[in-house]
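New notebook page. I want to look up a few spots in this fold and jot down what I find.

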Amino acid sequence: KMAAVSTVRAAARRSRRFFDIFVADVPWTVSSKELKEYFSQFGSVQRCQLPFDKDTGFHKRYCWIKFSTPEDVQNVFQKDSHILEGAKVIPQRSHRSKPSAMLS
């Protein structure tokens, strides 16, 4: 069981390199298809990964999204708030930048 958890964590870390944004607080009722449709207004969505919890059968309330171009990603952050099914979702850049870069 523990090995499985560390494998999932490693996969999550790896996938960060391949995705542009990480979206937190995804409502239970929202599917990956709906997420892809929503984020398509900002540009061309190549991939949307919404991890599921095998034990509960529900998704884990976060996802990763890969866009075609950096401009598409910029478009997401031009918008102040993102509402899906009445709930606010929080997109963040998935590429971890160094904290020092954030301060400068």
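Predicted model: local features only at pLDDT ≥ 70, side-chain atom pairs only at ≥ 80, totals over all residues.

**Entry 1, His59.** I started in the loop that joins strand 2 (45-49) to strand 3 (62-67), where His59 sits. Is His59 buried or exposed? Its relative accessibility is 4%, and buried means under 20%, so His59 counts as buried. Next I checked what its side chain meets. A polar atom there lies 3.1 Å from the backbone oxygen of Pro27, and a polar atom of the His59 side chain is also 3.0 Å from the backbone nitrogen of Arg61. Leaving aside neighbours within four places in sequence, I noted contacts of His59 with Val26, Pro27, Trp28, Val30, Leu50, Pro51, Phe52 and Asp53.

Then I went to the loop between strand 5 (87-93) and helix 4 (99-103), which holds Ser94. Ser94 is buried, at 1% relative accessible area. What does its side chain reach? I found the backbone oxygen of Phe19, at 2.5 Å. I also looked at Asp20: it is 74 residues from Ser94 in sequence, yet their C-alpha atoms are 5.5 Å apart.

How many residues does the largest nonpolar core have? I got 17, and Ile21, Val23, Leu35, Phe39, Ile65 and Phe67 have the most contacts inside it. Strand 1 (21-24), helix 2 (32-39), strand 3 and helix 3 (70-78) each supply at least two of its residues. I followed up on Leu35: beyond its neighbours within four places in sequence, Leu35 is in contact with Val26, Val30, Cys48, Leu50, Cys63 and Leu84. Val26, Val30 and Leu50 were among the contacts I noted for His59 too.

Definitions and conventions:
Residues numbered from 1 in each chain as written. Heavy atoms only, no water. Helix = DSSP H or I, 4+ residues; strand = E, 2+ residues; numbered from the N terminus. Buried < 20%, exposed > 50% of the residue type's maximum accessible area, 1.4 Å probe, protein only. Polar contact = N/O pair within 3.5 Å; in protein donor to acceptor, adjacent residues only side chain to side chain. Contact = heavy atoms within 4.5 Å. Core = buried A, V, L, I, M, F, W, Y, C linked by side-chain atoms within 4.5 Å.
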